[in-house]
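Trainee: Could we go through this complex together, starting with the interface and then moving to the side-chain pairs?

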Amino acid sequence: MQKVNLCDACSKEKGVEDPKSFALADLLLGIGASEEIEKSALIQKCPVCGFSQADFKKTGRLGCAACYTTFAEGLHTLLKAMHKGTEHVGKLPQRAHRTIQLSHRMRALNENLQKAVAEENYETAASLRDQIKQLESEQLSNT
Amino acid sequence: MMKFSSVMTTPGEWLRGEGPHHQIVISSRIRLARNLRNHAFPGWAKKAERIAILDLIRPRVEQLAEMQDSFAESLQDLSALERQVLVERHLISREHAAKGTGSAVVMNRRQTLSVMINEEDHLRMQSIRSGLQLKQAFKLVDKIDSALEEKLEFAYDQRLGYLTACPTNVGTGMRASAMLHLPGLVLSELINQVIQAVSKIGLAVRGLYGEGQPLPDFESDHARREGGRHHQSSEQGD
């Protein structure tokens, strides 16, 4: 006996037809549900570039960077199957890295400021406010 | 600026058959895929946008210190024969050779570095070296990636990494490959066993001219898709 794993298209090509098989969605939501879901998913379009899931089915390529956000849900499963992990741990662009670092620092400063104000620690609050101003100008020069 | 005639008369560095383990490893290659954040990927962008992307990227690539005295040309201005030469030398892909307006190639004089603009991704940068020199190839391509990143805003997601047209390339956008000449394994009919074994450790075997091409009898090529990690590739890419 030989076990082979085939995709939908390949199995049809090899003559495997199983009209009795039905989708999991049908089982859970009633017959026809999977088709409904598929239809609505196919209509969904990327607000940035107008790319749809139907286009992805056709080409196997996405339309733009924002498509990764638009179709995040469906892509997650796909990416999980394709890659060893779904968390990037490699190189990151320095410019993006700086922006991320600055936004992290900004968030921390703002949190501390709120805390200082709540505690009526106005001296610390003033110093934090100055630091935030300084950081804001750094953020501007970074963009 | 280099002319195509001098590209023709000087074969690339990788064709010299030198470098470590050159009896087995014909060449080593590292490629990185990058895209601009605010533009549609080449396959989806309209012609005018592709031209705008090219105009944005090409001068910045040509200005790189590594690209001094480079050869740069739009695909539409290359003859069928010239494209064929570039494909044979692995300086452009077959897909890129089929492109026209809005796509270009820039390469250095030694032909160790080539950048395809508007292939499947906005940028496909690759370094190809003679023998087993994956680390050297990586160093060069990593350097120009960092230099370009200072001038261009790349599509990048904190969680997923670099974003690419095809989800298989997401992450580092890197592929490391070594082209191996393995006649002994073919003659002893062990090649298929080896191919099966290496696929289990995350290596893919491709034909001499890449994906979708039949494996020739005497040449095979290892490639590994990099999911998450930027490996300073060792011999097997992992």
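Mentor: Happy to! This is a predicted model, where local features need pLDDT of at least 70, side-chain atom pairs count only at pLDDT 80 or more, and totals for chains, interfaces and linings use all residues. Residues are numbered from 1 along each chain as its sequence is written, chains are lettered from A and ligands numbered from 1 in the order in which they are written, and side-chain values use heavy atoms, with hydrogens and water left out.

Trainee: How much area do chain A and chain B bury between them?

Mentor: The size of an interface is often given as the accessible area lost when the parts come together. Buried area here is what two parts lose on being put together, summed over both, with a 1.4 Å probe. Carbon and sulfur atoms carry 57% of it, and the total for chain A and chain B is about 2,800 Å².

Trainee: Which residues of chain A lose the most area to chain B?

Mentor: Counting contact as heavy atoms within 4.5 Å, chain A gives 33 residues and chain B gives 39 residues. Three residues of chain A together make up 25% of what that side buries: Tyr68(A), His88(A) and Lys91(A).

Trainee: What is the N to O distance in the salt bridge of Asp145(B) with Lys91(A)?

Mentor: A salt bridge needs a side-chain nitrogen of Lys or Arg within 4 Å of a carboxyl oxygen of Asp or Glu. The count between chain A and chain B is three. For Asp145(B) and Lys91(A), the closest N and O atoms are apart by 2.7 Å.

Trainee: How are the planes of Phe51(A) and Phe71(A) arranged?

Mentor: A pair of aromatic rings is described by the distance of the centres and the angle of the planes. Rings of Phe, Tyr and Trp (its six-membered ring) pair if their centres lie within 6.5 Å; planes under 30 degrees apart are stacked, over 60 edge-to-face and the rest tilted. With centres 6.5 Å apart and planes at 70°, Phe51(A) and Phe71(A) are edge-to-face.

Trainee: Is Phe51(A) buried or exposed?

Mentor: Buried means under 20% relative accessible area, exposed over 50% and partly exposed in between, with a 1.4 Å probe and protein chains only. Phe51(A) has a relative accessible area of 2%, so this residue is buried.

Trainee: Which residues do ring pairs link into a cluster?

Mentor: The structure holds four aromatic pairs over all chains. One cluster brings in a residue of chain B: its members are Phe51(A), Phe71(A) and Trp44(B).

Trainee: How many residues apart in sequence are the parts tied together by Lys143(B) and Glu66(B)?

Mentor: Their side chains meet in a salt bridge at 3.1 Å, N to O. Helices (H or I, at least four residues) and strands (E, at least two) are DSSP runs, numbered from the N terminus. Lys143(B) lies in helix 5 (residues 134-149) of chain B and Glu66(B) in the loop between helix 2 (47-62) and strand 2 of chain B, so the separation is 77 residues.

Trainee: Which residues are linked with Arg61(A) in a network of salt bridges?

Mentor: Arg124(B) forms a salt bridge with Glu119(B), the closest N and O atoms being 3.5 Å apart, and both residues are buried. The network joins Arg61(A) with Glu119(B), Glu120(B), Asp121(B) and Arg124(B).
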